[in-house]
Amino acid sequence: MVMIRHELKEGRITLLIWTAVIAFMLSLCILIYPEMEMQMGDVSSIFAKMGGFSAAFGMDRLNFGEFTGFFGVECGNILGLGGALFAALLGVSISAKEGREHTAEFLLTHPVSRRDILCRKLIAVFLQILFLNLFAVIITAVSIRAIGESPEIRPILLLFLAYFILQIEVASVCFGISAFLTQGGAGIGIGMAALLYFLNLAANLTDHADFVKYITPFSYTESADIIAGQCLDVKYLSAGLVFTIIGIGVGFCRYCKMDVLS
């Protein structure tokens, strides 16, 4: 618990900044919905006729005149991409920072195995992601109540669940990558999150790239699919679970055997 508390304390400023920014953008997006509601019906028909652009973001299958459709696209992108970037930064720095900050020698002299150290670091990462998402849910609920909307709860909660799982997967994959780094890798983490996001856009544009959906976690966060089906896509979710396990496994295997720079 001491190490977990230390990791949480060390990352509290970054966590608070990212949480505040994402929560602010979510609330702002929701609060402006009443002003845009009357025009959203026309916007939906326009987006539906924009071909590949609409298909890339799933806007051809959502009704912007309804709050759930509006929330799925506008707020979903904020939480999805913003949360993925935050998770990637957490995951990619989890073990590499010991070499960057020259604290590995001190840390590894304690009577704790490398496996235990990584477990506690990973728990701290997942707790930070959980905090961000719980706060986002609270802010969303308060904002929806403030504008007097009464949307279906199930699809919105499923969207939050999908993005939470996405962030766990991104953090885990970047955790595996971090075991091969010695000087941090913020750029690598950001690049990884952005790549996965744009891979999903590419897969939405053409049927020839359907296989890509098994690679990117954004495939099971498609708001149009979740709102229409009232569930998460199990086949893409299962692929994401495999990548999560591989990322964690590779991170543990590599870190437990490598020479750590002091």
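I took the expected span of a helix as 1.5 Å times one less than its number of residues. Helices (H or I, at least four residues) and strands (E, at least two) are DSSP runs, numbered from the N terminus.

The model is predicted: local features need pLDDT of at least 70, side-chain atom pairs count only at pLDDT 80 or more, and totals for chains, interfaces and linings use all residues. Residues are numbered from 1 along each chain as its sequence is written, and side-chain values use heavy atoms, with hydrogens and water left out.

**Entry 1, the chain.** I found 12 helices and 0 strands. Of the 262 residues, 46% count as buried (under 20% relative accessible area, with exposed over 50% and partly exposed in between; 1.4 Å probe, protein chains only).

I checked the length of H2 (residues 12-31): its 20 residues should span 28 Å, and its end C-alpha atoms are 28 Å apart, which agrees. I then listed its buried residues, which are Leu-15, Thr-19, Ile-22, Ala-23, Leu-26, Ser-27, Cys-29 and Ile-30. Seen down the axis of H2, they fall within an arc of 160° and so line one face; the arc is that of the directions from the helix axis to the C-beta atoms. Ile-13 and Phe-24 are exposed on the face turned away from the buried side.

Contact means heavy atoms within 4.5 Å. Among the residues making this contact are Phe-67 and Phe-71 of H5 and Val-125 and Gln-128 of H8.
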